[in-house]
2 protein chains.
Amino acid sequence: VRTIDWQDGHIVAIDQTRLPAELAVLHIHTVDELIDAIKRLAIRGAPALGVAGALGVALAGGNRELAQRLKAARPTAVNLAWGVDRVLSRPDALVAEALSVLGEDVTVNRALSQRGADWLLDRIGPRVDVQTHCNAGALACVEWGTALGVLRALQERGALSHVYVDETRPLLQGSRLTAWELTQLGIPHTLVADSAGASVIARGLVNAVVVGADRVAANGDVVNKIGTYPLALAARRAGIPFVVAAPESTVDVATPTGADVPIEIRDEAELTHLAGTRISPKETRALNYAFDVTPAELVTVIVTERRTLAPDAAAPAATRA
Amino acid sequence: VRTIDWQDGHIVAIDQTRLPAELAVLHIHTVDELIDAIKRLAIRGAPALGVAGALGVALAGGNRELAQRLKAARPTAVNLAWGVDRVLSRPDALVAEALSVLGEDVTVNRALSQRGADWLLDRIGPRVDVQTHCNAGALACVEWGTALGVLRALQERGALSHVYVDETRPLLQGSRLTAWELTQLGIPHTLVADSAGASVIARGLVNAVVVGADRVAANGDVVNKIGTYPLALAARRAGIPFVVAAPESTVDVATPTGADVPIEIRDEAELTHLAGTRISPKETRALNYAFDVTPAELVTVIVTERRTLAPDAAAPAATRA
């Protein structure tokens, strides 16, 4: 089953808020329904958001006002706007172009995954132990994955040893989604608190960090799920590579640096409440950044379907691409 | 109300698992009850564990077998063993010595807090914005606090601007306990995800990190609640001081480095379950480190009631004590 797909003139998508307890499928017939699904993270992951943008414009029949509202559903991942704009540019063939975006996502992810696996085997092989964060798997895309796609490619080659995954507060994409995917794939894995990822790295339990991205700025700064940056700091200190796996559609040459990327701030109730119950005093406010910025110089390599970029020109040779 | 105290021949203590919803008091009459309260973190915090160890030996009437079991209740904070040993060394005056430990905790914390406030005002003043982690407040001690004690001393001098506190997964001591204490004290504060602390630092929202410690090794490595180390990495990169506030009883000259400290690994259900419900697949295992090690060279200063230690001899002068 694909994470997001087009069937009989509407969008079908796995409701990611229900996993792993239930594999529920949403049928989305209007842009308003799509925006709601995106805002509540039923559909999430930068590549999947690109496809959602593309299919949403098809759903809207090319209506520009609806397309603009869709683009604004979440601000950080550049893929959403990219998918919308790409289909808007083909008013003569909205559905065909949207289906192209959908199909390309699979081939693009497989290509970048092979590139990432090649790079890791060349640098680290023959056995790779990985720390990852959030979910950059099939559930973040159409059906293969970016960071988890790289791990799947390593697994196919018999080169993947173990994966440590952060739970990824507050919405627990690691505990719920990545752990579910790794279980389905039969990949040995261990869940850790977000705050423990740096210790996993410092203790030598892994020899690489592999994550996805929501936007790569022109200078190579990587914007990804909150909690990515401390892993990059720990990887640099431990002297292990920090690898970003993302499609070219995530690279935003129009945005000079990470500081120029709008960082989504989500509802503070995601932090002040747990399972519907308030856990902090009612007077306590929370600041709920959804993403952080990893400076280019901490990024060892970015693999896309076309390129292997090494932004960390200032890094020691031992960890430089 | 004191966090832990001695009344009519038994221990009374705030049940920290119930805060902030309820201020419940435990009456502890046996060492077994005390061990249970310590294991489930009803009583927690290195200084409070030291007092619990001391009062527990009084409760046990100096019984050495019970004392040994009490020492082993939690392995990482050295204070527990310190408190036990100190009272065991005075078999002629068990209760009097235990009460000395209890009373000293208050004066010791006030002294180290003034020292920490002096240091921060000298280095950063006149307004200090702080990132902290977990709970090193009155609830971790008898009645004043270590890291939060420093912040209270700053507040008394009109020099504390704002405190950012990590929620501190999995047991949420930040969301529940530190937020509650800061609310009681009228200190402006904001809750963030553990994974966001590094971003708070990178964005310049704070000009110091102030935390407590569970054990300081002879070389200055600091063992503290899991998630402390990534804050130290972020502080170093941002060029702001990383300050540890702890009593001398936390300094363990018998342990050469952080690598020699036993790190407690807690039940994986604290990560795989949320509010009693399993959130990750049943096949998924978790690794639940309770503490991490911050290398001495990332520690700008350790303030105790007697000394100001600067372990980071290798640090740039701008952040060196």
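Helix H4 (residues 78–88) of chain A is largely enclosed by the rest of the structure, because 8 of its 11 residues are buried. The model is a predicted one. It holds 5 cavities of 30 Å³ or more, and its largest pocket has a volume of about 480 Å³.

**Helix H4 of chain A**

- The buried residues of H4(A) are Val78(A), Asn79(A), Leu80(A), Gly83(A), Val84(A), Arg86(A), Val87(A) and Leu88(A).
- These buried residues pack against four helices of chain A, namely H1 (31–39), H2 (46–59), H3 (64–71) and H5 (94–123).
- They also pack against strands S8 (215–217) and S11 (251–252) of chain A.

**The largest cavity**

- The largest cavity contains about 230 Å³ of space.
- It is lined by 26 residues, of which Arg44(A), Gly45(A), Ala46(A), Asn135(A) and Asp214(A) are the closest to its centre.
- At least two lining residues come from each of H2(A) and strand S9 (222–225) of chain A, and H2(A) gives the largest share, with 3 residues.
- By class, this lining comprises 13 nonpolar, 8 polar and 5 charged residues.

**The second largest cavity**

- The second largest cavity contains about 190 Å³ of space.
- Its lining is made up of 22 residues, and the closest to the centre are Arg44(B), Gly45(B), Ala46(B), Asn135(B) and Asp214(B).
- Helix H2 (46–59) and strand S9 (222–225) of chain B each contribute at least two residues to this lining.
- The lining residues divide into 11 nonpolar, 7 polar and 4 charged.

**The largest pocket**

- The volume of the largest pocket is about 480 Å³.
- Among the 25 residues lining this pocket, Thr17(A), Leu172(A), Arg176(A), Leu274(B) and Ile279(B) are the closest to its centre.
- Two or more lining residues come from each of helix H7 (173–185) and strand S13 (273–274) of chain A, and from strand S14 (277–278) of chain B.
- H7(A) provides the largest share of the lining, 4 residues.
- The lining has 12 nonpolar, 6 polar and 7 charged residues.

**The second largest pocket**

- The second largest pocket contains about 370 Å³ of space.
- Of its 21 lining residues, Leu274(A), Ile279(A), Leu172(B), Arg176(B) and Ala275(B) are the closest to the centre.
- Strand S14 (277–278) of chain A gives two or more residues to this lining, as do helix H10 (269–272) and strand S13 (273–274) of chain B.

Terms used
Residues numbered from 1 in each chain as written. Chains lettered and ligands numbered in written order. Predicted model: local features only at pLDDT ≥ 70, side-chain atom pairs only at ≥ 80, totals over all residues. Heavy atoms only, no water. Buried < 20%, exposed > 50% of the residue type's maximum accessible area, 1.4 Å probe, protein only. Contact = heavy atoms within 4.5 Å. 1 Å grid on protein atoms, 1.4 Å probe; cavity = no way out; pocket = protein on both sides within 12 Å on 5 of 7 lines; lining within 4 Å. Points joined across faces, edges and corners; volume = space filled by probe spheres on them. Nonpolar A, V, L, I, M, F, W, Y, C, P; charged D, E, K, R; others polar.
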